[in-house]
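User: Hi, could you walk me through this structure in simple terms?
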Amino acid sequence: MTQHDYVGMWVTADGYIRHELLPNGRYDEARGDRKSAYQGRYTIRGNHIDYVDDTGFTADGDFIDGVLHHAGMILYRER
């Protein structure tokens, strides 16, 4: 997979949800104290992201002005 600008950690403003987009097309989502609450793969086309977790559940989102909008959540790039 080609490295893209969205690889890295994305977090909600309160830090409760954390999505780590890995350069190999996998993601790891933590929720609160629960590390690796969800894991799976993702694909990005333009500014759109599609997720498929390891159980088969699907979700998607969009990167808008440097912010990830996903399933009613807003995640910011952790620097």
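Analyst: We can go from the overall fold to a few single residues. This is a predicted model in which local features need pLDDT of at least 70 and side-chain atom pairs count only at pLDDT 80 or more, while totals for chains, interfaces and linings use all residues. Residues are numbered from 1 along each chain as its sequence is written, and side-chain values use heavy atoms, with hydrogens and water left out.

User: OK, in what order do the strands close into a barrel?
Analyst: Eight strands close into a barrel in the order E1-E2-E3-E4-E5-E6-E7-E8, with antiparallel pairing, and the twist from one strand to the next averages 30 degrees. Strands here are DSSP runs of at least two residues, numbered from the N terminus, and two of them pair if DSSP finds at least two bridges between them.

User: How many bridges join E1 to E8?
Analyst: Three bridges join strand E1, residues 8-12, to E8, and the two run antiparallel. Within E8, Tyr76 is the bridge partner of Val11, and Leu75 stands opposite Thr12.

User: And what do E7 and E8 form?
Analyst: E7 and E8 form a hairpin with two residues between them, and Ala71 in the turn has a positive phi of about 50 degrees. Strand E7, residues 67-70, pairs with E8 in the antiparallel sense over four bridges, and Ile74 in E8 is the bridge partner of His69.

User: Switching topic, is His19 buried or exposed?
Analyst: His19 is buried, because its relative accessible area is 0%, and buried means under 20% (exposed is over 50%, partly exposed in between, with a 1.4 Å probe and protein chains only). His19 belongs to strand E2, residues 17-21.

User: Which side chain does His19 join in a polar contact?
Analyst: The side chains of His19 and Glu29 are joined by a polar contact of 2.8 Å. A polar contact is a pair of N or O atoms within 3.5 Å; within protein, one must be able to donate a hydrogen and the other to accept it, and residues adjacent in sequence count only if both atoms are side-chain atoms.

User: Last one, how many residues has the largest nonpolar core?
Analyst: The largest nonpolar core has 13 residues, and those with the most contacts inside it include Trp10, Ile49 and Phe63. Such a core is a set of buried Ala, Val, Leu, Ile, Met, Phe, Trp, Tyr and Cys residues joined through side-chain atoms within 4.5 Å. E2, strand E5 (48-53) and strand E8 (73-77) each supply at least two residues of this core.

Key
Axes are lines fitted to C-alpha atoms, for helices over the stretch in contact, and angles run from 0 to 180 degrees between N-to-C directions.
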